Amino acid sequence: MTAERWAELYRLEFPRLYRALLAVLRDRDRALDALHDAFVAGLRHPPAHDADLAGWLFVVAIRSSRRLRRLPLLPLEWVTGHSGDDEIEATLDRMEVGRLLAGLTERQRAMVVAQFYLGLDHREIARHFGVKTGTVSATLAQAKARMRAEVRNAS
Amino acid sequence: MLPELTIDRVFRRELDSLPLPPEGSWIPTRAASRPSILLTTLVVAATVVLVLGAATLAREASDAAAAARRGVSTAPLINLPRPTCLRGGCNVYRNDAFGYGIVLPADWRVAPPVRGRTPPTGELDRVEFTGQTSDEWTHLVGIDVVVPWDLVVEVHERRGVLAMDWWRVDGCDRNSCVVGQTTLSQLSGYTASWPIEPSLRMHAYYVQRGDRMLVLRYATGPGNEGPRGITERTLQQIVDSLTFG
(Lines give C-alpha, C1' and ligand atoms only; values in the text may rest on other atoms or scores of the structure.)
Protein backbone atom coordinates (compact mmCIF):
# COMPACT_ATOMS: atom_id res chain seq x y z
CA MET A 1 0.00 0.00 0.00
CA THR A 2 1.37 3.42 -0.89
CA ALA A 3 1.71 6.19 1.66
CA GLU A 4 -0.88 8.21 -0.22
CA ARG A 5 -3.38 5.37 -0.13
CA TRP A 6 -2.65 4.81 3.54
CA ALA A 7 -3.25 8.48 4.35
CA GLU A 8 -6.47 8.49 2.36
CA LEU A 9 -7.85 5.45 4.18
CA TYR A 10 -6.69 6.80 7.54
CA ARG A 11 -8.50 10.08 6.92
CA LEU A 12 -11.70 8.26 6.07
CA GLU A 13 -11.53 6.25 9.28
CA PHE A 14 -10.27 9.05 11.54
CA PRO A 15 -13.61 10.42 12.83
CA ARG A 16 -15.05 7.18 14.16
CA LEU A 17 -11.69 5.88 15.36
CA TYR A 18 -10.94 9.08 17.23
CA ARG A 19 -14.39 8.98 18.84
CA ALA A 20 -13.96 5.31 19.68
CA LEU A 21 -10.64 6.10 21.36
CA LEU A 22 -12.20 9.02 23.24
CA ALA A 23 -14.83 6.65 24.58
CA VAL A 24 -12.15 4.20 25.73
CA LEU A 25 -9.38 6.54 26.91
CA ARG A 26 -11.54 9.51 27.97
CA ASP A 27 -8.70 11.87 27.09
CA ARG A 28 -8.38 13.89 23.89
CA ASP A 29 -4.60 14.13 23.91
CA ARG A 30 -4.12 10.44 24.52
CA ALA A 31 -6.64 9.59 21.83
CA LEU A 32 -4.98 11.84 19.24
CA ASP A 33 -1.46 10.75 20.19
CA ALA A 34 -2.44 7.11 20.00
CA LEU A 35 -4.05 7.57 16.61
CA HIS A 36 -0.99 9.43 15.33
CA ASP A 37 1.16 6.54 16.50
CA ALA A 38 -1.08 4.09 14.70
CA PHE A 39 -0.83 6.17 11.53
CA VAL A 40 2.97 6.18 11.70
CA ALA A 41 3.01 2.46 12.46
CA GLY A 42 0.87 1.89 9.39
CA LEU A 43 3.26 3.87 7.24
CA ARG A 44 5.92 1.35 8.13
CA HIS A 45 3.90 -1.83 8.22
CA PRO A 46 0.39 -1.32 6.86
CA PRO A 47 -2.23 -3.99 7.53
CA ALA A 48 -2.55 -6.69 4.93
CA HIS A 49 -6.10 -5.83 3.90
CA ASP A 50 -8.01 -2.59 3.61
CA ALA A 51 -11.02 -4.29 5.15
CA ASP A 52 -9.12 -4.72 8.40
CA LEU A 53 -8.17 -1.08 8.59
CA ALA A 54 -10.47 0.22 11.32
CA GLY A 55 -9.87 -2.69 13.67
CA TRP A 56 -6.15 -2.65 12.99
CA LEU A 57 -5.80 1.10 13.62
CA PHE A 58 -7.98 0.90 16.72
CA VAL A 59 -5.99 -1.87 18.36
CA VAL A 60 -2.59 -0.41 17.42
CA ALA A 61 -3.73 2.90 18.91
CA ILE A 62 -5.03 1.23 22.08
CA ARG A 63 -1.72 -0.60 22.52
CA SER A 64 0.20 2.58 21.87
CA SER A 65 -1.81 4.45 24.47
CA ARG A 66 -0.83 1.86 27.05
CA ARG A 67 2.86 1.98 26.22
CA LEU A 68 3.12 5.69 25.79
CA ARG A 69 2.09 7.65 28.81
CA ARG A 70 2.10 11.38 29.12
CA LEU A 71 4.40 12.06 32.00
CA PRO A 72 5.53 15.23 33.69
CA LEU A 73 8.91 16.48 32.56
CA LEU A 74 9.10 19.80 34.32
CA PRO A 75 11.10 19.60 37.48
CA LEU A 76 10.84 23.24 38.40
CA GLU A 77 7.14 23.56 37.96
CA TRP A 78 4.44 22.13 40.12
CA VAL A 79 3.20 19.27 38.09
CA THR A 80 -0.11 17.72 38.90
CA GLY A 81 0.71 14.41 37.31
CA HIS A 82 -1.40 12.96 34.53
CA SER A 83 -3.83 15.63 33.48
CA GLY A 84 -7.34 14.38 33.09
CA ASP A 85 -9.49 15.75 30.36
CA ASP A 86 -12.31 17.28 32.37
CA GLU A 87 -14.29 18.57 29.42
CA ILE A 88 -14.44 15.28 27.57
CA GLU A 89 -15.05 13.41 30.84
CA ALA A 90 -18.00 15.68 31.52
CA THR A 91 -19.33 15.20 27.99
CA LEU A 92 -19.07 11.44 28.28
CA ASP A 93 -20.65 11.45 31.71
CA ARG A 94 -23.67 13.25 30.27
CA MET A 95 -24.11 10.47 27.72
CA GLU A 96 -25.85 7.21 28.49
CA VAL A 97 -23.08 5.34 26.71
CA GLY A 98 -20.38 7.31 28.50
CA ARG A 99 -21.86 6.47 31.89
CA LEU A 100 -22.15 2.78 31.01
CA LEU A 101 -18.57 2.65 29.76
CA ALA A 102 -17.24 4.50 32.79
CA GLY A 103 -17.94 1.49 34.98
CA LEU A 104 -15.83 -0.82 32.82
CA THR A 105 -12.11 -1.48 32.73
CA GLU A 106 -10.19 0.06 29.84
CA ARG A 107 -9.86 -3.36 28.22
CA GLN A 108 -13.58 -4.01 28.55
CA ARG A 109 -14.33 -0.56 27.12
CA ALA A 110 -12.05 -1.23 24.17
CA MET A 111 -13.80 -4.48 23.30
CA VAL A 112 -17.28 -3.07 23.87
CA VAL A 113 -16.55 -0.08 21.65
CA ALA A 114 -14.96 -2.35 19.04
CA GLN A 115 -18.14 -4.42 18.95
CA PHE A 116 -20.91 -1.89 19.32
CA TYR A 117 -19.40 1.19 17.70
CA LEU A 118 -16.87 -0.10 15.20
CA GLY A 119 -19.00 -3.12 14.36
CA LEU A 120 -16.34 -5.81 14.75
CA ASP A 121 -17.49 -9.33 15.57
CA HIS A 122 -15.93 -11.51 18.25
CA ARG A 123 -13.58 -13.24 15.81
CA GLU A 124 -12.30 -9.95 14.42
CA ILE A 125 -11.80 -8.50 17.88
CA ALA A 126 -9.93 -11.63 18.94
CA ARG A 127 -7.65 -11.47 15.89
CA HIS A 128 -6.84 -7.78 16.33
CA PHE A 129 -6.31 -8.00 20.09
CA GLY A 130 -4.32 -11.20 19.73
CA VAL A 131 -6.51 -13.20 22.11
CA LYS A 132 -8.79 -16.21 21.81
CA THR A 133 -12.40 -15.76 20.75
CA GLY A 134 -13.44 -17.24 24.09
CA THR A 135 -11.54 -14.50 25.89
CA VAL A 136 -13.39 -11.87 23.89
CA SER A 137 -16.72 -13.52 24.62
CA ALA A 138 -15.97 -13.71 28.32
CA THR A 139 -14.73 -10.11 28.48
CA LEU A 140 -17.77 -8.83 26.63
CA ALA A 141 -20.11 -10.93 28.77
CA GLN A 142 -18.62 -9.43 31.93
CA ALA A 143 -18.82 -5.95 30.43
CA LYS A 144 -22.44 -6.38 29.43
CA ALA A 145 -23.31 -7.73 32.88
CA ARG A 146 -21.81 -4.63 34.41
CA MET A 147 -23.65 -2.37 32.01
CA ARG A 148 -26.93 -4.13 32.77
CA ALA A 149 -26.31 -3.65 36.46
CA GLU A 150 -25.62 0.02 35.82
CA VAL A 151 -28.88 0.35 33.88
CA ARG A 152 -30.77 -1.38 36.70
CA ASN A 153 -29.20 0.88 39.31
CA ALA A 154 -29.96 3.97 37.27
CA SER A 155 -33.59 3.02 36.86
CA MET B 1 -31.29 -8.24 28.70
CA LEU B 2 -29.92 -5.36 26.65
CA PRO B 3 -31.10 -5.55 23.07
CA GLU B 4 -27.83 -5.35 21.13
CA LEU B 5 -29.28 -3.69 18.05
CA THR B 6 -30.45 -0.91 20.28
CA ILE B 7 -27.04 -0.72 21.89
CA ASP B 8 -25.45 -0.35 18.46
CA ARG B 9 -27.75 2.51 17.63
CA VAL B 10 -27.22 4.22 20.98
CA PHE B 11 -23.46 3.90 20.64
CA ARG B 12 -23.48 5.38 17.16
CA ARG B 13 -25.89 8.16 18.02
CA GLU B 14 -24.04 9.26 21.14
CA LEU B 15 -20.42 8.70 20.18
CA ASP B 16 -20.94 10.29 16.77
CA SER B 17 -21.75 13.50 18.61
CA LEU B 18 -18.31 13.70 20.23
CA PRO B 19 -16.31 16.63 18.87
CA LEU B 20 -13.43 16.04 16.49
CA PRO B 21 -10.13 17.90 16.58
CA PRO B 22 -9.33 20.32 13.72
CA GLU B 23 -8.82 18.38 10.51
CA GLY B 24 -5.32 19.77 10.20
CA SER B 25 -4.25 17.77 13.24
CA TRP B 26 -5.50 14.40 12.05
CA ILE B 27 -2.29 13.43 10.37
CA PRO B 28 0.88 13.93 12.42
CA THR B 29 2.45 16.62 10.30
CA ARG B 30 3.10 20.28 10.76
CA ALA B 31 1.13 21.15 7.64
CA ALA B 32 -1.46 23.67 8.74
CA SER B 33 -3.77 23.54 5.78
CA ARG B 34 -4.49 21.22 2.94
CA PRO B 35 -6.47 22.95 0.18
CA SER B 36 -6.33 19.98 -2.11
CA ILE B 37 -5.95 16.23 -2.23
CA LEU B 38 -2.81 16.73 -4.27
CA LEU B 39 -1.25 18.88 -1.58
CA THR B 40 -2.37 16.36 1.03
CA THR B 41 -0.58 13.70 -0.93
CA LEU B 42 2.56 15.80 -1.12
CA VAL B 43 2.43 16.51 2.59
CA VAL B 44 1.97 12.85 3.37
CA ALA B 45 4.82 11.91 1.06
CA ALA B 46 7.00 14.49 2.80
CA THR B 47 5.92 13.06 6.14
CA VAL B 48 6.97 9.61 5.02
CA VAL B 49 10.35 10.91 3.94
CA LEU B 50 10.79 12.84 7.17
CA VAL B 51 9.73 9.94 9.36
CA LEU B 52 11.94 7.43 7.60
CA GLY B 53 14.77 9.94 7.34
CA ALA B 54 14.50 10.82 11.01
CA ALA B 55 14.62 7.17 12.02
CA THR B 56 17.67 6.56 9.87
CA LEU B 57 19.41 9.71 10.98
CA ALA B 58 18.60 8.98 14.60
CA ARG B 59 20.16 5.56 14.25
CA GLU B 60 23.26 6.69 12.44
CA ALA B 61 23.96 10.08 13.86
CA SER B 62 22.53 10.36 17.33
CA ASP B 63 25.76 9.67 19.13
CA ALA B 64 27.79 11.88 16.85
CA ALA B 65 25.28 14.70 17.05
CA ALA B 66 25.06 14.42 20.80
CA ALA B 67 28.81 14.42 21.01
CA ALA B 68 29.11 17.50 18.84
CA ARG B 69 26.52 19.38 20.84
CA ARG B 70 27.49 18.33 24.28
CA GLY B 71 31.20 17.74 24.09
CA VAL B 72 30.71 14.06 24.77
CA SER B 73 33.53 11.59 24.60
CA THR B 74 33.17 7.85 24.49
CA ALA B 75 36.47 7.40 26.29
CA PRO B 76 36.04 6.09 29.83
CA LEU B 77 36.37 8.61 32.62
CA ILE B 78 39.65 8.23 34.45
CA ASN B 79 37.97 7.47 37.74
CA LEU B 80 35.27 5.26 36.33
CA PRO B 81 35.78 1.74 37.58
CA ARG B 82 35.86 -0.85 34.83
CA PRO B 83 33.88 -3.45 36.76
CA THR B 84 30.76 -1.34 36.37
CA CYS B 85 30.60 -2.08 32.67
CA LEU B 86 27.23 -3.70 32.11
CA ARG B 87 26.05 -6.62 30.04
CA GLY B 88 29.49 -7.58 28.91
CA GLY B 89 30.50 -4.26 27.41
CA CYS B 90 31.76 -0.82 28.33
CA ASN B 91 29.58 1.91 26.90
CA VAL B 92 30.59 5.04 28.70
CA TYR B 93 28.87 8.37 28.28
CA ARG B 94 30.96 11.30 29.39
CA ASN B 95 29.52 14.79 29.66
CA ASP B 96 32.42 17.18 30.03
CA ALA B 97 30.23 20.27 29.89
CA PHE B 98 28.39 19.29 33.08
CA GLY B 99 31.01 17.07 34.61
CA TYR B 100 29.54 13.63 34.89
CA GLY B 101 29.94 10.23 33.36
CA ILE B 102 27.71 7.20 33.31
CA VAL B 103 28.10 3.61 32.20
CA LEU B 104 25.42 2.15 29.98
CA PRO B 105 24.75 -1.42 28.94
CA ALA B 106 26.47 -2.26 25.69
CA ASP B 107 23.31 -2.01 23.63
CA TRP B 108 22.18 1.35 25.03
CA ARG B 109 22.67 4.71 23.34
CA VAL B 110 21.84 8.39 23.63
CA ALA B 111 18.37 9.04 22.29
CA PRO B 112 18.05 11.85 19.77
CA PRO B 113 16.73 15.14 21.14
CA VAL B 114 12.96 15.44 21.00
CA ARG B 115 12.12 17.85 18.22
CA GLY B 116 9.91 20.72 19.24
CA ARG B 117 10.42 20.26 22.97
CA THR B 118 10.92 23.51 24.87
CA PRO B 119 13.18 23.05 27.90
CA PRO B 120 11.51 24.21 31.11
CA THR B 121 12.89 27.22 32.92
CA GLY B 122 16.15 26.42 34.65
CA GLU B 123 16.95 23.29 32.69
CA LEU B 124 20.55 23.50 31.48
CA ASP B 125 20.97 20.08 29.93
CA ARG B 126 18.98 16.96 29.31
CA VAL B 127 20.16 13.64 27.94
CA GLU B 128 17.94 10.62 27.46
CA PHE B 129 19.49 7.19 27.36
CA THR B 130 17.56 4.35 25.84
CA GLY B 131 17.91 0.64 25.39
CA GLN B 132 15.22 0.59 22.75
CA THR B 133 15.93 0.47 19.05
CA SER B 134 15.68 3.62 16.97
CA ASP B 135 12.46 2.38 15.43
CA GLU B 136 10.89 1.58 18.78
CA TRP B 137 12.01 4.85 20.29
CA THR B 138 10.93 7.01 17.36
CA HIS B 139 7.57 5.30 17.54
CA LEU B 140 7.16 6.02 21.23
CA VAL B 141 8.51 9.48 21.76
CA GLY B 142 6.52 12.71 21.66
CA ILE B 143 7.22 16.28 22.59
CA ASP B 144 6.16 16.02 26.21
CA VAL B 145 6.50 12.34 26.75
CA VAL B 146 8.94 10.29 28.79
CA VAL B 147 9.44 6.81 27.45
CA PRO B 148 9.13 4.17 30.17
CA TRP B 149 12.36 2.23 30.82
CA ASP B 150 14.57 5.03 29.44
CA LEU B 151 16.88 6.94 31.78
CA VAL B 152 16.93 10.72 31.66
CA VAL B 153 19.73 12.81 33.17
CA GLU B 154 18.97 16.49 33.62
CA VAL B 155 21.03 19.38 34.95
CA HIS B 156 19.12 22.29 36.41
CA GLU B 157 19.84 25.63 38.00
CA ARG B 158 19.15 24.93 41.64
CA ARG B 159 17.72 28.38 42.40
CA GLY B 160 17.99 27.85 46.11
CA VAL B 161 16.06 24.59 46.19
CA LEU B 162 17.80 21.83 48.18
CA ALA B 163 18.09 18.25 46.98
CA MET B 164 15.99 17.14 49.93
CA ASP B 165 13.17 19.40 48.73
CA TRP B 166 13.43 18.87 44.98
CA TRP B 167 10.78 16.15 44.96
CA ARG B 168 8.24 18.77 46.03
CA VAL B 169 8.65 20.60 42.72
CA ASP B 170 9.05 17.46 40.67
CA GLY B 171 5.48 16.25 40.51
CA CYS B 172 5.85 13.88 43.46
CA ASP B 173 2.48 13.97 45.15
CA ARG B 174 2.76 14.50 48.89
CA ASN B 175 0.32 11.71 49.66
CA SER B 176 1.95 9.02 47.57
CA CYS B 177 5.59 10.14 47.40
CA VAL B 178 8.21 7.81 48.84
CA VAL B 179 11.31 9.84 49.65
CA GLY B 180 14.67 8.49 50.80
CA GLN B 181 18.36 9.25 51.02
CA THR B 182 21.08 7.77 48.87
CA THR B 183 24.72 8.17 47.91
CA LEU B 184 25.80 8.54 44.33
CA SER B 185 29.50 8.66 43.55
CA GLN B 186 30.21 9.53 47.18
CA LEU B 187 27.81 12.45 47.15
CA SER B 188 24.70 12.46 49.28
CA GLY B 189 21.48 12.64 47.40
CA TYR B 190 17.80 12.06 47.73
CA THR B 191 15.44 9.72 45.96
CA ALA B 192 11.76 9.99 45.29
CA SER B 193 9.34 7.55 43.80
CA TRP B 194 5.69 8.05 43.00
CA PRO B 195 2.93 6.55 40.90
CA ILE B 196 2.07 8.42 37.74
CA GLU B 197 -0.49 6.01 36.43
CA PRO B 198 -1.92 2.88 38.02
CA SER B 199 0.66 0.79 36.20
CA LEU B 200 3.51 3.27 35.91
CA ARG B 201 5.91 4.60 38.51
CA MET B 202 8.41 7.44 38.34
CA HIS B 203 11.74 7.14 40.14
CA ALA B 204 14.02 10.14 40.58
CA TYR B 205 17.41 10.86 42.13
CA TYR B 206 18.49 14.36 43.13
CA VAL B 207 22.11 15.29 43.69
CA GLN B 208 23.13 18.81 44.56
CA ARG B 209 26.33 20.17 43.02
CA GLY B 210 26.95 23.79 43.88
CA ASP B 211 24.31 25.92 42.26
CA ARG B 212 23.17 23.07 40.06
CA MET B 213 20.99 20.05 40.60
CA LEU B 214 21.58 16.78 38.81
CA VAL B 215 18.37 14.85 38.36
CA LEU B 216 18.21 11.27 37.16
CA ARG B 217 14.82 9.85 36.44
CA TYR B 218 13.21 6.84 34.93
CA ALA B 219 9.71 5.43 34.70
CA THR B 220 8.94 1.75 35.13
CA GLY B 221 5.88 -0.21 34.12
CA PRO B 222 3.59 -1.64 33.15
CA GLY B 223 4.96 -4.86 34.63
CA ASN B 224 8.39 -5.59 36.01
CA GLU B 225 10.24 -5.75 32.74
CA GLY B 226 10.53 -3.39 29.80
CA PRO B 227 11.64 -4.07 26.25
CA ARG B 228 14.81 -6.09 25.66
CA GLY B 229 14.89 -7.40 29.20
CA ILE B 230 15.32 -4.00 30.85
CA THR B 231 14.37 -4.15 34.52
CA GLU B 232 14.47 -1.68 37.35
CA ARG B 233 17.72 -3.31 38.43
CA THR B 234 19.23 -2.44 35.03
CA LEU B 235 18.25 1.18 35.54
CA GLN B 236 19.52 1.24 39.12
CA GLN B 237 22.85 -0.16 37.96
CA ILE B 238 23.14 2.64 35.43
CA VAL B 239 22.29 5.22 38.09
CA ASP B 240 24.82 3.66 40.46
CA SER B 241 27.54 3.97 37.82
CA LEU B 242 27.28 7.77 37.88
CA THR B 243 30.67 9.42 38.33
CA PHE B 244 31.44 13.08 38.69
CA GLY B 245 34.42 14.59 36.88
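**Ground rules.** This is a predicted model, where local features need pLDDT of at least 70, side-chain atom pairs count only at pLDDT 80 or more, and totals for chains, interfaces and linings use all residues. Residues are numbered from 1 along each chain as its sequence is written, while chains are lettered from A and ligands numbered from 1 in the order in which they are written.

**Chain B overview.** I counted up chain B and got 5 helices and 11 strands. Here helices (H or I, at least four residues) and strands (E, at least two) are DSSP runs, numbered from the N terminus. Of the 245 residues in chain B, 33% are buried. A residue is buried if 20 or more other C-beta atoms lie within 10 Å of its own, exposed if 12 or fewer, and partly exposed in between, with C-beta atoms placed from the backbone.

**Cores.** Which residues have the most contacts inside the largest nonpolar core? I found Ala20(A), Leu21(A), Leu35(A), Phe58(A) and Val113(A), in a core of 50 residues. Helix H1 of chain A (residues 3–25) gives the most to this core, 11 residues. Another core lies apart from it, with 39 residues, including Trp166(B) and Ala192(B). A nonpolar core means a set of buried Ala, Val, Leu, Ile, Met, Phe, Trp, Tyr and Cys residues joined through C-beta atoms within 7 Å.

I then followed Leu21(A): leaving out residues up to four places away in sequence, it touches Ala31(A), Ala34(A), Leu35(A) and Ala61(A). Contact means that the C-beta atoms of two residues, placed from the backbone, lie within 7 Å.

**Helix crossing.** I looked at H6 (residues 106–116) and H8 (residues 133–154) of chain A, whose axes come within 9 Å and cross at roughly 100°. So H6(A) is roughly perpendicular to H8(A); that label covers 65 to 115 degrees, with under 35 roughly parallel, over 145 roughly antiparallel and the rest oblique. The axes are lines fitted to C-alpha atoms, for helices over the stretch in contact, and angles run from 0 to 180 degrees between N-to-C directions. Among the residues that meet are Met111(A) and Val112(A) from H6(A), and Leu140(A) and Ala143(A) from H8(A).

**One face of H5(B).** I listed the buried residues of H5(B): Thr234(B), Leu235(B), Ile238(B) and Val239(B). They line one face of the helix, because they fall within an arc of 135° seen down its axis. The arc is taken from the directions from the helix axis to the C-beta atoms. These residues pack against E3, E6, E7, E9 and E10 of chain B.

Most residues other than glycine have a negative phi, and most peptide bonds are trans. Where did I find a cis peptide bond? One joins Gly221(B) and Pro222(B), with omega about -10°, and Pro222(B) sits in the loop between E10 and H5 of chain B.

Arg228(B) is in the loop between E10 and H5 too; its phi is near 55°, and it counts as partly exposed, with 15 C-beta neighbours inside 10 Å. Arg159(B) has a positive phi of about 50°, lies in the loop between E6 and H4 of chain B and is exposed.
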